[in-house]
Amino acid sequence: MTDLDRLVLGLQQRMKQLEDNVVGLEKENSNLYAAVSLRIIELEFAEIQDLLNKLNQTTNDYQLLSVQATVQLEDMKDTMVKLEKFDKKQVIKKNRENQMKKNLEQCKEELEASSPPPTVSPGRCGLGQLVKVAGPRTSSLTEYSTSYPYGAWGRDANPAPGDENKYWLVVLTSSNVYGYYVRQYSTLSTLLLGIGPKDTYISSSNPTTNTIQGPNMVMYANALYYNCYNTYYVCQFNLATRTVSTVALPSDTGYNSKFPFGHVTSSYSYTDMDFTTDESGIYVIYATTSNFGNVIITKIETSDPPVFKQTWFTSLHKKTATNTFMVCGVLYATRYLDKETERIFYSYDTKTKKERYDLKIKIHKVKTNIEYLNYDPRDHLLYAYSDAYIVTYELIFQ
């Protein structure tokens, strides 16, 4: 094969490839005529023009082929000029959109920048400061499916030997407000699959004296702590003896949705009292009229009957938060941002009595609302009940 033959064959192949590229470009529907594709075709044009020049310089035998190819090439060039003019508009538009997105992301990052959360001294629990909530790690409906959007679940924060792997679940079966039994599972797997549950009843009917009111509760040393039905009392239900002991909060404590959690467009019914666990035990979170509806933290001594120990008063109005939890003696409060996100925005250190309102730690939700949230000091996970879904999140410290 002569040099001339190779030039002709090369020209034929490049023309065919170029024609295919242009046809494909014209048919493309999304992100029309990307700048990269245009650049590739421009290079193809340049290489074909170079082959044509070589042919014209080599011989007159292929004059007709060269002329035809040149005409064809010019036609495609005209088409590409029109396409490119249109595409430049698209590229400019896309670049503007990308720049706007970049500016919005930068603005968002600046807004979310905050000072570090409270640093907990190593002598208290050794975890350091909370910097992130990762997950969700677990996300699933229970065997009840979507029947009960309000409820609570988790593990015993101080289990008896042999009960370390057990999980408990309480659903509010009456009007999303009241519950009267605790369901336990031997492992997380059996809970997720709904296998072999054991039910322990507080009473035979619902609601009645000492049954559960509201979704906030915790399990500690085989006893469930919760808001007693229709009162400002704290109930302690011993699962082994099936007995209930009570202790009264101040008489002006909110109950029956007087000081519930919530946000601008909604409130979480009967969430006046919140119960939390951390490395040192149990706390009850509530509000009173004498403290102007602001959050009060009281430590619970887990005797039988329970008694109250130290109390801390905060400036956080309870109705401005969606949930609270404790880690190493620090109270954290969350706020509703949108359907996908909650934010930890507040903290109160019970040791230093310092408050902060500038935290910006996100929690990514699986459903719109989180009706229950509690920290387990054994595995450093947050346990959430979110519109019938049971969810866990991992707390990241540094």
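User: Is Asp-163 buried, exposed or partly exposed?
Analyst: This is a predicted model, so that comes from computed values. Asp-163 has 22% relative accessibility, so it counts as partly exposed.

User: Which side chain does Asp-163 meet in a salt bridge?
Analyst: That of Lys-166. The N to O distance is 3.3 Å.

User: And how accessible is Lys-166?
Analyst: Its relative accessibility is 31%. Lys-166 therefore counts as partly exposed.

User: How many salt bridges does the structure hold?
Analyst: Nine. One of them joins Arg-183 to Glu-143.

User: How far apart are the closest N and O atoms of Arg-183 and Glu-143?
Analyst: They are 3.3 Å apart.

User: Does Arg-183 count as buried or exposed?
Analyst: Buried, because its relative accessibility is 12%. The cut-off for buried is under 20%. Glu-143 is at 37%, so it counts as partly exposed.

User: What about Asp-199, which residue does it form a salt bridge with?
Analyst: With Arg-183 again. Here the closest N and O atoms are 2.6 Å apart. Asp-199 lies in strand β6 (residues 198-201) and Arg-183 in strand β5, so the pair ties together parts 16 residues apart in sequence.

User: How accessible is Asp-199?
Analyst: It has 27% relative accessibility, so Asp-199 counts as partly exposed.

User: Which residues are linked in a network of salt bridges?
Analyst: Glu-143, Arg-183 and Asp-199. Arg-183 bridges to Glu-143 and to Asp-199.

User: New topic: sheets. What is the order of the five strands in the open sheet?
Analyst: The order is β4-β7-β8-β9-β10. The pairing is antiparallel.

User: Which strands are at the edges?
Analyst: β4 (178-179) and β10 (243-248). Each of these pairs on one side only.

User: What holds strands of a sheet together, in general?
Analyst: They pair through backbone hydrogen bonds, either parallel or antiparallel.

User: How many bridges join β7 to β8?
Analyst: Five. Strand β7 covers residues 212-220, and strand β8 covers residues 223-228. As an example, Met-219 has Leu-224 in β8 as its bridge partner.

User: How many disulfides does the structure hold?
Analyst: One. It joins Cys-228 to Cys-235, with an S to S distance of 1.9 Å.

User: Remind me, what is a disulfide?
Analyst: It is a covalent bond between the sulfur atoms of two cysteines.

User: Is the link of Cys-228 and Cys-235 right-handed or left-handed?
Analyst: Right-handed, with 120° about the S-S bond.

User: Are these cysteines buried or exposed?
Analyst: Cys-228 counts as buried, because its relative accessibility is 1%. Cys-235 is at 0%, so it also counts as buried.

User: Last one: where is Lys-367 found?
Analyst: In the loop between β21 (361-364) and β22 (372-376). Lys-367 has a relative accessible area of 33%, so it is partly exposed.

User: Which residues is Lys-367 in contact with, leaving aside neighbours within four places in sequence?
Analyst: Lys-339, Ser-386, Asp-387 and Tyr-389.

User: And how far is Lys-367 from Tyr-385?
Analyst: Their C-alpha atoms are separated by 9.6 Å. Along the chain, Lys-367 and Tyr-385 are 18 residues apart.

Note on methods: Residues numbered from 1 in each chain as written. Predicted model: local features only at pLDDT ≥ 70, side-chain atom pairs only at ≥ 80, totals over all residues. Heavy atoms only, no water. Salt bridge = Lys/Arg side-chain N within 4 Å of Asp/Glu carboxyl O. Buried < 20%, exposed > 50% of the residue type's maximum accessible area, 1.4 Å probe, protein only. Helix = DSSP H or I, 4+ residues; strand = E, 2+ residues; numbered from the N terminus. Contact = heavy atoms within 4.5 Å. Pairing = 2+ DSSP bridges. Disulfide = S-S within 2.5 Å.
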